[in-house]
Amino acid sequence: MITKRSILFIVFGVSLSIACTLAYLRPWAKRLNVILICLDALRADHLGCYGYSRDTTPNIDKLASGGIIFEKAFSQSSFTLPSIASLFTSEYVASHKVDRIERRLADGQLTLAEVLKTNGYNTAAFIYNATQFDLAFGLNQGFDRYSIGEEADRKPSFAKTLPACLDWLKANRNKPFFIFLHSNDIHEPYHSIYENFFDPDYRGRLDNEYMASGTPFHKNNLNRTPREVKHIIAHYDGGIKYADTFIGKLIFELKQSGLLENTVIIIFSDHGEILSDRGKQFCHGFSVHDEEVHVPLIISGPQVKALRVPCQVELIDVMPTILDLLQIDRKGLKLEGRSLTPFLEPGVRNCPDNYVYAECIKGESQKEGFIDREVMVRTRSWKLIGSFWKFNEPLANYPKSVQLHNYSIISTDGKDGFELYHLENDPKETRNIYYDGPSKIKAELLDKLVSNF
Ligand SMILES: [Zn+2]
């Protein structure tokens with residue numbers, strides 16, 4: 001028989017249990033939404049909140065001023081597909097093996113979207129880059145909706161992906177949601193409505209039409225003048241400013257619809273961009289120097305306090321961080337990244353002495369049976385880059401090579417295929433001191449480099 005006293009007891013018991021649960025879950029208790037925004041090819045040092053002199057990112061800066069800025073975040077590749085595969089799986093490229101366009105992320109691989117979907121989230125991706133995100137590559141795993149558009153939709157892209165995203169949100173906000181939103185607007189070829197915004201005095205051939213024509217400018221055009229280089233960089237910055245306006249629109253819409261206060265927004269890039277840093281080349285996917293792998297990473301959301309984190313972190317850290325923020329159990333998941341949630345609490349702390357890794361494929365010859373991979377390991381003070389030529393056959397024909405595990409490092413262009421930089425003295429990686437560098441550091445980094453690939 002249910003008495004009044006027993007009802008009160010039940011009510012009290014339930015209240016107590018809710019109170020306890022809320023206390024335990026605070027501050028990330030409410031089923032938070034997540035929007036993960038990839039600004040493709042945006043190098044970290046071209047955002048205002050990362051110290052850039054031009055006002056490229058007023059909306060991102062505003063968001064970042066109340067969030068966490070990871071000053072030293074690194075992508076796992078300088079190329080979209082492997083980098084995003086690492087982001088979605090929290091695995092290095094050597095683990096998930098999606099190192100080039102024709103590779104598919106194994107169907108058995110558990111992705112961030114799959115884990116969130118299993119945990120009751122509506123999931124959607126708005127990308128419009130059919131080249132790198134084709135269904136054949138398996139990055140769609142776990143997404144209820146996966147929009148990649150047509151090849152012609154690549155640019156402008158935010159103008160298409162953001163409205164599609166907002167429409168989807170209207171119909172799918174009944175449950176917590178996870179959105180992956182991607183923009184190609186900064187990506188080469190650098191044309192945008194902000195064509196002359198940062199270089200209004202330029203009078204030359206490098207207008208939007210020339211830029212959109214693509215190939216001539218981003219290849220190794222050694223005849224380019226310093227004035228032209230300057231103008232191409234202004235074009236790139238114009239693309240950033242254009243993309244930034246859509247971040248402003250997104251924030252406005254989230255605020256209007258009452259979703260902002262319960263949504264974690266993470267802004268990052270899949271890789272950086274060479275802007276004539278060494279010679280006159282533009283684009284990405286050629287190396288693992290910092291200009292190609294140092295990327296922005298900003299986390300904003302309820303209860304996040306404004307903070308700048310100077311420690312080295314990686315894109316593979318994003319997945320465990322999101323799962324921790326949403327209080328989703330990570331047990332049993334094979335994650336190579338580490339959660340960044342310890343950084344969310346303000347307070348002085350020392351950076352861990354961790355190693356970060358990245359790689360890209362520089363060349364391949366199926367006929368000769370080798371792949372040329374450039375790989376790097378980085379500490380806060382040092383960076384070692386190695387050119388690894390992996391052969392299908394034993395190395396009997398290559399007497400000068402050095403056998404290291406399954407890889408071989410052979411002489412290229414008269415060098416040994418190694419570069420060592422002392423980042424404290426040479427942050428732009430201009431002086432290769434591999435031959436003169438401290439042998440203890442070289443041995444330590446080489447050991448780390450080889451064991452991770
Ligand atoms: Zn990309």
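**A walk through a predicted model**

With 13 C-beta neighbours inside 10 Å, Gln327 counts as partly exposed. Gln327 lies in the loop between α11 (318-325) and β12 (356-365). Its phi is near 55°, a positive value in a residue other than glycine.

You will find Cys283 in strand β8 (residues 282-283). Cys283 has 18 C-beta neighbours inside 10 Å, so it counts as partly exposed.

The backbone has another feature to look for. Most peptide bonds are trans. Glu188 and Pro189, however, are joined by a cis peptide bond, with omega at about -5°. Pro189 sits in the loop between β5 (177-183) and α7 (208-212).

Now step back to the whole chain. It holds 12 helices and 17 strands, and 42% of its 453 residues are buried. Among contacts with a separation of 6 or more, 65% are between residues 24 or more positions apart.

Leaving aside neighbours within four places in sequence, His96 is in contact with Ala85, Ser86, Thr89, Glu91, Leu105 and Gln109. Take Ser86 from that list: it is 10 residues from His96 along the chain, and their C-alpha atoms are separated by 7.3 Å.

Next comes the interior. In soluble globular proteins, nonpolar side chains tend to be buried together. Here the largest nonpolar core has 107 residues, and Ile37, Ile266 and Ile298 touch the most other members. The largest share of this core, eight residues, comes from α9. Both domain 1 (33-344) and domain 2 (366-452) contribute at least three residues each. Not counting residues up to four places away in sequence, Ile266 touches Leu36, Ile37, Ile298, Ile299 and Val318.

Finally, follow α9 to a helix partner. Helix α9 (residues 226-256) packs against helix α2 (residues 58-65) at an angle of about 50°, with the axes 7 Å apart. The two helices are therefore oblique to each other. On the α2 side, the contact is made by Pro58, Asn59, Ile60 and Leu63, and on the α9 side by Asp244, Thr245, Ile247, Gly248 and Ile251. By class, this contact has five nonpolar, three polar and one charged residues.

Definitions and conventions: Residues are numbered from 1 along each chain as its sequence is written. This is a predicted model: local features need pLDDT of at least 70, side-chain atom pairs count only at pLDDT 80 or more; totals for chains, interfaces and linings use all residues. Axes are lines fitted to C-alpha atoms, for helices over the stretch in contact, and angles run from 0 to 180 degrees between N-to-C directions. Helices (H or I, at least four residues) and strands (E, at least two) are DSSP runs, numbered from the N terminus. Angles under 35 degrees count as roughly parallel, over 145 as roughly antiparallel, 65 to 115 as roughly perpendicular and the rest as oblique. Two residues are in contact if their C-beta atoms, placed from the backbone, lie within 7 Å. Ala, Val, Leu, Ile, Met, Phe, Trp, Tyr, Cys and Pro count as nonpolar, Asp, Glu, Lys and Arg as charged, and the others, Gly among them, as polar. A nonpolar core is a set of buried Ala, Val, Leu, Ile, Met, Phe, Trp, Tyr and Cys residues joined through C-beta atoms within 7 Å. A residue is buried if 20 or more other C-beta atoms lie within 10 Å of its own, exposed if 12 or fewer, and partly exposed in between; C-beta atoms are placed from the backbone. Domain bounds come from an automatic or database domain assignment.
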